[in-house]
Amino acid sequence: MRVFYQTFGRVKKKFSSLLSRFFKKKRTRIGIYGPPNAGKTTLANRIARDWTGDAVGPVSEIPHETRRSRKKEDILISGANGATVTIDIVDTPGVTTRIDYHEFLEFGLDKDEAIIRAREATEGVAEAMHWLREDIDGVIYMLDSTLDPFLQVNIMMVGIIESRNLPVLIVANKIDLPNAAPARIRSAFPQHPVIPISSLGGKNVEELYEMMIERFG
Amino acid sequence: MPHKCTKCGREYRDGSTEILKGCESCGGKKFLYVKDSELHKDILEEKSIEEIAQETKEQVLEVRTVQKKEVEMYDRVETIRIVGPGSYELNIEKMAKGDERVISVGKEGVYNIDLLSFAKDSKKKRSKRK
């Protein structure tokens with residue numbers, strides 16, 4: 001009897017690995033990248049809440065709130081015309097070329113806390129880049145539309161994503177703010193689709209979902 | 001006998017040490033030694049300072065300053081530069097290429113190399129995940 005269970009277990013394992021090999025590739029792993037404080041986690045939370053009811057991580061006004069990449073798996077997004085896409089969302093720490101703890105002091109953090117935050121944020125960037133290299137099938141590049149998009153980091157990151165031949169969607173976030181200029185982002189990256197949204201207010205996210213199905217499906 | 005900046009024509013009296021830092025008006029580094037009698041020739045005869053230099057056969061004096069060459073981010077060897085405690089400069093282009101970590105600390109030319117990160121086999125990692 002025991003032998004039977006063992007063989008049965010082995011067969012089952014083989015069968016399921018065979019199945020997963022066929023079906024696994026259908027799940028696209030989407031990384032949300034962008035500079036700190038662009039609203040990456042807010043968007044990840046919105047996507048996860050809209051389609052699964054869960055949240056991904058905490059958000060705050062202090063830059064580098066997300067210092068470890070967080071993953072939410074198996075999110076099924078369906079569009080108006082019935083098309084669907086199943087994705088894993090990876091919320092990544094904000095990528096930047098300079099991290100200084102003084103920046104955090106302005107938000108009321110004490111010095112020790114700020115220094116630890118800076119160190120963790122640095123590790124976070126390294127981790128985000130590791131994900132980009134190894135395990136990402138598509139990228140949502142998120143920008144704050146109230147800020148200048150022509151920053152070296154943005155140009156460099158979009159260049160890196162392009163060189164890896166990953167499909168990319170550029171999201172111009174925070175369009176609910178009065179000084180938002182999503183058109184500036186559009187002119188900065190004319191080679192990619194740019195979707196202006198407000199991930200906090202949920203403005204225009206439907207268009208983003210449609211575009212995600214189109215680009216990542 | 002004064003010096004004249006070849007760029008903007010500003011005059012400096014003879015033996016002036018100010019020119020060693022470059023012209024105060026335009027930052028020019030080249031100066032021509034002009035005779036007092038020819039001091040205003042460039043304006044009166046509408047000549048460029050180069051032309052006067054040719055006429056008087058006087059050598060143009062160049063102030064040489066050792067320029068600190070700014071190394072472009074992507075040419076740098078380190079992935080992370082620790083400027084001070086809690087202050088970092090990240091080389092994301094280098095990070096995009098591999099997991100190897102070279103960390104430079106404080107003053108220029110001091111590096112920490114994470115040898116273990118160099119030894120990892122990325123192909124092995126990839127096959128493991130499947």
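**A walk through a two-chain model**

Hello everyone, and let's start with chain B, which has five helices and eight strands. Please keep in mind that what you see is a predicted model. If you follow chain B from the N terminus, its elements come in the order β-β-β-α-α-β-β-β-α-β-β-α-α. Chain B has 130 residues, and 16% of them count as buried. Looking at contacts in chain B with a separation of 6 or more, 38% come from residues 24 or more positions apart.

Now for the sheets. One of them is an open sheet of four strands from chain B, ordered β2-β1-β3-β4, and its pairing is antiparallel. At its edges you find β2 (11–12) and β4 (60–62) of chain B, each of which pairs on one side only. Inside that order, strand β1 (residues 3–5) of chain B is joined to strand β3 (residues 30–33) of chain B by three bridges, and these two run antiparallel.

The next sheet brings in both chains. Which strands form it, and in what order? Five strands make an open sheet in the order β4(A)-β6(B)-β5(B)-β7(B)-β8(B), and here the pairing is mixed. The edges are held by β4 of chain A and β8 (111–114) of chain B; each has a single partner strand, so one side of each is left without a neighbour in the sheet. On average, neighbouring strands of this sheet are turned by 20° against each other, direction ignored.

Let's look at where the chains join in that sheet. Strand β4 (residues 98–100) of chain A runs antiparallel to β6(B), and three bridges join them. Across this pairing, A:R98 stands opposite B:E89 in β6(B), and A:I99 stands opposite B:Y88. There is a helix here too: α4 (residues 111–134) of chain A lies across β4 of chain A together with β5 and β6 of chain B, running at about 15° to β6(B).

How many residues are in contact between the chains? In chain B there are 13, and they touch 21 residues of chain A. On the chain B side, the elements giving two or more residues are β6 (87–90) and α3 (92–97). That side of chain B has eight nonpolar, two polar and three charged residues.

One residue I'd like you to find is B:R81, in strand β5 (residues 80–84) of chain B. Is B:R81 buried or exposed? There are 22 other C-beta atoms within 10 Å of it, and the cut-off for buried is 20 or more, so B:R81 is buried. Leaving aside neighbours within four places in sequence, B:R81 is in contact with B:Y88, B:E89 and B:S104. B:R81 and B:N112 are 31 residues apart in sequence, and their C-alpha atoms are 9.8 Å apart in space.

Over to chain A, and to strand β5 (residues 138–144). Five of its seven residues are buried, so β5(A) is largely enclosed by the rest of the structure. Strand β1 (residues 28–33) of chain A pairs with β5(A) in the parallel sense over four bridges, with A:I32 opposite A:I140. β5(A) also pairs with strand β6 (residues 168–173) of chain A, again in the parallel sense, over six bridges. In this pairing A:M142 has A:V171 as its bridge partner. To get from β5(A) to β6(A), the chain crosses through helix α5 (residues 152–163) of chain A, and this β-α-β crossover is right-handed.

Finally, a word on backbone angles. Most residues other than glycine have a negative phi. A:N165 is not a glycine, yet has a positive phi of about 55°. A:N165 sits in the loop between α5 and β6 of chain A, and counts as exposed because it has 7 C-beta neighbours inside 10 Å. A:K174, not a glycine either, has a positive phi of about 65°. You will find A:K174 in the loop between β6 and α6 (182–188) of chain A. With 25 C-beta neighbours inside 10 Å, A:K174 counts as buried.

Note on methods. Residues are numbered from 1 along each chain as its sequence is written. Chains are lettered from A and ligands numbered from 1 in the order in which they are written. This is a predicted model: local features need pLDDT of at least 70, side-chain atom pairs count only at pLDDT 80 or more; totals for chains, interfaces and linings use all residues. Two residues are in contact if their C-beta atoms, placed from the backbone, lie within 7 Å. Ala, Val, Leu, Ile, Met, Phe, Trp, Tyr, Cys and Pro count as nonpolar, Asp, Glu, Lys and Arg as charged, and the others, Gly among them, as polar. Two strands pair if DSSP finds at least two bridges between them. A residue is buried if 20 or more other C-beta atoms lie within 10 Å of its own, exposed if 12 or fewer, and partly exposed in between; C-beta atoms are placed from the backbone. A crossover is right-handed if, with the strands pointing away from the viewer, the path from the first strand over the helix to the second runs clockwise. Axes are lines fitted to C-alpha atoms, for helices over the stretch in contact, and angles run from 0 to 180 degrees between N-to-C directions.
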